[in-house]
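Here is my note on the model below. Please read it with the structure open.

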Amino acid sequence: MARTSNVFARVEPDLKAQAEQILNELGIPMSNAVSMFLKQVVLQRGIPFEMKLPADRPLAYGALTKAQFDAEIERGMADIENNNVYSADEVEAEMRRDFGV
């Protein structure tokens with residue numbers, strides 16, 4: 001038998017439970033699924049599935065010029081003046097709906 005090494009990963013309990021349920025139905029132990037993923041990373045020399053940034057990703061302060069930053073601040077101030085605002089609860093609910101966060 002080949003020598004093995006441990007890999008420790010922290011994942012959300014619900015995600016782990018859902019994945020375990022599917023893997024059990026497939027007859028694949030979690031450790032084998034992780035090994036399969038890592039083997040594909042090595043074979044493909046990268047993540048074995050397409051990864052993209054969302055088209056409307058949030059702005060990063062460090063990526064903005066001063067003019068862009070000032071324009072974003074002006075946009076935000078205009079939103080406040082026009083009462084185009086959202087509560088933290090509304091934002092969190094939308095994040096849970098859209099991203100499962």
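**Notes on the predicted model**

1. Helix H1 (13-26) and helix H2 (30-44) each supply at least two residues of the lining of the largest pocket. Helices here are DSSP runs (H or I, at least four residues), as strands are (E, at least two), numbered from the N terminus. A pocket is defined on a 1 Å grid over the protein atoms alone: an open set of points where a 1.4 Å probe fits, with protein on both sides within 12 Å along at least five of seven lines. A cavity, by contrast, is a set from which the probe cannot get out. Lining residues have an atom within 4 Å of a point.

2. Basis of the values. This is a predicted model, so local features need pLDDT of at least 70 and side-chain atom pairs count only at pLDDT 80 or more, while totals for chains, interfaces and linings use all residues. Residues are numbered from 1 along each chain as its sequence is written, and side-chain values use heavy atoms, with hydrogens and water left out.

3. Confidence. pLDDT is the predictor's confidence in each residue, from 0 to 100. The protein averages 88. A score of at least 70 is reached by 94% of the residues. Among the elements, H2 has the highest mean pLDDT, 95. H4 has the lowest, 87.

4. More on the largest pocket. It holds about 650 Å³ of space. That volume is the space filled by probe spheres set on the grid points, which are joined across faces, edges and corners. There are 16 lining residues. Nearest the centre lie Val7, Met30, Ser31, Val34 and Ser35. H2 gives the most to the lining, with 6 residues.

5. Helix H1. Its 14 residues should span 20 Å at 1.5 Å a residue, and its end C-alpha atoms are 20 Å apart, which agrees. The expected span is 1.5 Å times one less than the number of residues. H1 is hardly covered: 1 of its 14 residues is buried. Buried means under 20% relative accessible area, exposed over 50%, and partly exposed in between (1.4 Å probe, protein chains only). Pro13 lies in H1. Pro13 counts as exposed, at 67% relative accessibility. Its C-alpha is separated by 41 Å from that of Glu74, 61 residues apart along the chain. Just after H1, Gly27 takes a positive phi of about 75°.

6. Helices H2 and H3. H2 has 15 residues and reaches 21 Å from its first C-alpha to its last, close to the 21 Å expected. The 16 residues of H3 should span 22 Å, and the end C-alpha atoms of H3 are 22 Å apart, which agrees.

7. Please check two backbone angles. Most residues other than glycine have a negative phi. Arg45 has a positive phi, near 55°. Arg45 follows H2 and lies in the loop between H2 and helix H3 (66-81). At 78% relative accessibility, Arg45 is exposed. Asn83 also has a positive phi, near 60°.

8. How many aromatic pairs does the structure hold? It holds 1. Phe37 and Phe49 form this pair, which is tilted, at 6.4 Å centre to centre and 35° between the planes. The pair links distant parts of the chain: Phe37 is in H2 and Phe49 in the loop between H2 and H3, 12 residues apart. Rings of Phe, Tyr and Trp (its six-membered ring) pair if their centres lie within 6.5 Å; planes under 30 degrees apart count as stacked, over 60 as edge-to-face and the rest as tilted. Phe37 is partly exposed, at 34% relative accessible area.

9. Met51. This residue is found in the loop between H2 and H3. Met51 is exposed, with a relative accessible area of 59%. Met51 and Ile80 are 29 residues apart in sequence and 35 Å apart in space, C-alpha to C-alpha.
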